[in-house]
Amino acid sequence: MAGRKIAVVGLGGIGGVAAACLSLSPENDVTACARRPIETLTFDHENDRTHIPLRTLIEPHHAEPVDWVILCTKAQDSASAAPWLANLCTPETTVAVLQNGIGHQERVAPFANGAAVLPAIVYYNGERLAHDHVRLRHIRGHDLLVPQGPLAERFAALFKGTPIDVGSSEQFVTYQWRKLLINVIANPITALTRQRLGIFHRKDIQDLSLAILKEAVAVGRAEGADLNENEAETIMALFLNYPPEAGTSMYFDCLAGRPLEIEALNGAVVEAARRHGIAVPLNLTMLTLLKAVSDANAGN
Ligand SMILES: NC(=O)c1ccc[n+]([C@@H]2O[C@H](COP(=O)([O-])OP(=O)(O)OC[C@H]3O[C@@H](n4cnc5c(N)ncnc54)[C@H](OP(=O)(O)O)[C@@H]3O)[C@@H](O)[C@H]2O)c1
């Protein structure tokens with residue numbers, strides 16, 4: 001009988017892969033909390049395809065307290081997951097938040113019933129091929145990174161023996177900002193231009209991106225991230241090696257007319273900049289334009 005009760009909230013690309021991998025460990029008792037039921041999750045990884053039976057709940061009032069919640073909604077949907085968290089969480093629960101951006105603790109703790117909140121940086125690519133079919137691709141290094149400490153060890157143990165590799169770091173804030181720096185150019189620029197990463201081979205887009213990055217680097221340093229003087233140029237160079245045909249989640253959400261995760265990305269830079277009295281006009285421009293797109297997509 002599996003010992004650790006785990007609920008995965010949000011069964012998209014990231015949550016689907018997390019639920020599939022966690023289900024592969026006999027020590028985990030996994031329940032998925034989604035908006036529509038599935039009985040079997042098809043999981044593609046490298047050359048293998050596995051069909052994994054999965055208990056799914058679609059009504060928050062059917063949920064019971066668990067040891068771990070793995071929260072995998074987009075950042076802007078965290079508040080809509082509050083009814084799930086209210087039923088799943090007690091002060092003994094830990095909520096691991098697998099979302100882009102920063103400020104996971106502030107975003108989720110108000111809904112978590114006194115549970116501990118563990119932020120996680122997601123490095124793997126999780127693609128939802130159908131509502132019951134996901135694919136895991138490893139990008140590089142660890143698949144998930146969490147701050148070093150006792151919770152990190154317990155979190156890593158959940159994925160032991162599964163394809164997901166969990167790392168931990170004392171430099172978590174720095175890694176969080178490095179990931180955010182990629183997202184503050186990749187997502188808004190592909191969404192606004194409705195073009196994939198090949199758009200970054202244009203000189204004018206590179207100049208704009210560098211200026212957005214330099215603003216964000218200054219804010220990250222003020223927030224305590226150990227970012228280099230030439231961090232913006234390093235990120236830009238790294239970026240030009242990405243496949244030009246790849247899209248971003250904001251690009252796909254924009255094309256599909258869905259709300260956008262802009263508040264958690266450029267919005268987080270603008271918010272932190274305000275705290276430190278740093279001017280970030282380009283990040284504010286990205287935020288303003290894409291908030292308007294997102295609101296229109298949400299029907300507001
Ligand atoms: N995908 C990647 O490769 C990747 C990589 C790095 C980081 N990330 C980050 O990881 C996070 C998750 O991304 P994702 O790509 O997995 O997003 P996604 O595919 O859009 O999945 C989000 C899921 O959350 C569900 N959801 C939203 N509100 C809910 C609620 N109240 N109750 C239950 N389910 C709810 C959605 O349900 P519906 O299907 O019903 O809308 C959807 O299935 C984001 O912060 C993203 O930026 C993603």
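I count a polar contact as a pair of N or O atoms within 3.5 Å; within protein, one must be able to donate a hydrogen and the other to accept it, and residues adjacent in sequence count only if both atoms are side-chain atoms.

**Ground rules.** I am working from a predicted model, where local features need pLDDT of at least 70, side-chain atom pairs count only at pLDDT 80 or more, and totals for chains, interfaces and linings use all residues. I number residues from 1 along each chain as its sequence is written, and side-chain values use heavy atoms, with hydrogens and water left out.

Entry 1: I looked up N100 first. A polar atom of the N100 side chain sits 2.8 Å from an oxygen atom of the ligand. I then checked cover: the protein hides 83% of the 900 Å² of accessible area that the ligand has on its own (Shrake-Rupley method, 1.4 Å probe). The side chain of R35 has an N or O atom 2.9 Å from a ligand oxygen atom. At G12 a backbone N or O atom is 3.3 Å from an oxygen atom of the ligand.

The ligand has 24 residues around it, and I14, S80, N100, R128 and E261 are the closest. I sorted the shell into nine nonpolar, nine polar and six charged residues. My classes put Ala, Val, Leu, Ile, Met, Phe, Trp, Tyr, Cys and Pro as nonpolar, Asp, Glu, Lys and Arg as charged, and the others, Gly among them, as polar.

Which element gives the most to the shell? I find β9, with three residues. Helices (H or I, at least four residues) and strands (E, at least two) are DSSP runs, numbered from the N terminus.

**Entry 2: N187.** I found N187 in helix α5 (residues 172-193). Is N187 buried or exposed? N187 counts as buried because its relative accessibility is 3%, and the cut-off is under 20% (1.4 Å probe, protein chains only). The side chains of N187 and N183 make a polar contact of 3.0 Å. Leaving out residues up to four places away in sequence, N187 touches T248, S249, M250 and L265 (heavy atoms within 4.5 Å).

**Entry 3: helix α9.** I checked α9 (residues 266-276) and noted N266, G267, A268, V269, V270, A272 and A273 as its buried residues. Their cover includes α5, α6 (203-222) and α10 (281-297). Just after α9, I read a positive phi of about 65 degrees at G277.

**Entry 4: domains.** I took the bounds from an automatic or database domain assignment. That assignment gives domain 1 (4-169) and domain 2 (172-297). Their contact takes 19 residues from domain 1 and 16 residues from domain 2.

Key:
A residue is near a molecule or strand if one of its heavy atoms lies within 4 Å of it. Buried means under 20% relative accessible area, exposed over 50%, partly exposed in between (1.4 Å probe, protein chains only).
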